[in-house]
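Hi,

Here is the structure I promised to pass on. Have a look at it first, and then read my notes below.

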Amino acid sequence: MVSGGARMPIQQEATPAELIARYGEDIMGSAGMDVERRCIQHGTTSVCAHSLAVTRACVRMAQATRLPVDERALVRGALLHDYFLYDWHVSDPSHRLHGFTHPGTACRNAIRDFGIGPVEQNMVRHHMFPLTPAPPTCREAVILCLADKVVATRETAEGIALKVEALAERRFA
């Protein structure tokens, strides 16, 4: 399916890995994703690993709900939703409002590097709702918004658990 084409439910037998390979090979092989592999997003998870986990969750949510989606746009928008290309943990005045500003930065970078279309742009720009006030306006963006919250919560909790375990080991060793 071409992005912007007819929406159809994702086939149940399609795996997230197959769809990522089909629609995201250029993204995964890009220099920008090399940057994402080096930057931490939540806990100990890299931005790249987070983006892949969110993409897998988006595909599974779309399959579970049987919602008709533009599967190419869903995969590409999910892979690029955090394509801001900097380490937001590094102390820098431009990173102060990261949660509010990174969707716009990611969208500009994705347009520049991959020429993403309107559905992907909606996904990237609105994935931080309700932190950012504009809600998603297409079903692919709603799926991404929900999947990102689920995955980010899991990654953050896992990171906290690792820190607590390490602290306990040092304290009681």
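Predicted model: local features only at pLDDT ≥ 70, side-chain atom pairs only at ≥ 80, totals over all residues.

Glutamate 120 sits in helix H6 (helices here are DSSP runs of H or I with at least four residues, strands are runs of E with at least two, and both are numbered from the N terminus). With a relative accessibility of 2%, glutamate 120 counts as buried; buried means under 20% relative accessible area, exposed over 50%, and partly exposed in between, using a 1.4 Å probe and protein chains only.

Residues are numbered from 1 along each chain as its sequence is written, and side-chain values use heavy atoms, with hydrogens and water left out.

Threonine 55 touches Ile20, Val75, Ala78 and Leu79, leaving aside residues up to four places away in sequence (contact means heavy atoms within 4.5 Å). Threonine 55 is buried too, at a relative accessible area of 1%.

Now the core. The largest nonpolar core holds 37 residues, and Ile10, Cys58, Leu74 and Leu80 have the most contacts inside it. By nonpolar core I mean a set of buried Ala, Val, Leu, Ile, Met, Phe, Trp, Tyr and Cys residues joined through side-chain atoms within 4.5 Å. H1, H3, H4, H5 (98-114), H6 (118-126) and H7 (139-172) each give two or more residues to this core, and H3 provides the largest share, 7 residues. As for leucine 74, its contacts include Ile10, Cys58, Met123 and Ile143, not counting residues up to four places away in sequence.

Which residues of helix H2 are buried? In H2 (residues 31-38) they are Gly32, Met33 and Glu36. They lie on the same side of H2, because they cover an arc of only 95° around the axis (the arc is that of the directions from the helix axis to the C-beta atoms). The face turned away from that buried side carries the exposed residues Ala31 and Arg38. Among the elements covering the buried residues of H2 are helix H1 (16-28), strand E2 (45-46) and helix H4 (71-80).

Helix H3 (47-65) is part of that cover as well. The axes of H2 and H3 come within 5 Å and cross at roughly 105°; axes are lines fitted to C-alpha atoms, for helices over the stretch in contact, with angles from 0 to 180 degrees between N-to-C directions. The two helices are therefore roughly perpendicular to each other, a label for angles of 65 to 115 degrees. Met33, Glu36 and Arg37 of H2 meet Val47, Cys48 and Ser51 of H3.

Most residues other than glycine have a negative phi, and most peptide bonds are trans. Arginine 66, in the loop between H3 and H4, has a positive phi of about 60° and is exposed, with a relative accessible area of 54%. Leucine 85, in the loop between H4 and H5, has a phi near 65° and is partly exposed at 25% relative accessibility. The peptide bond from phenylalanine 129 to proline 130 is cis, with omega near 10°, and proline 130 belongs to the loop between H6 and H7.

Cheers

How values were computed
Parallel < 35°, antiparallel > 145°, perpendicular 65-115°, else oblique.
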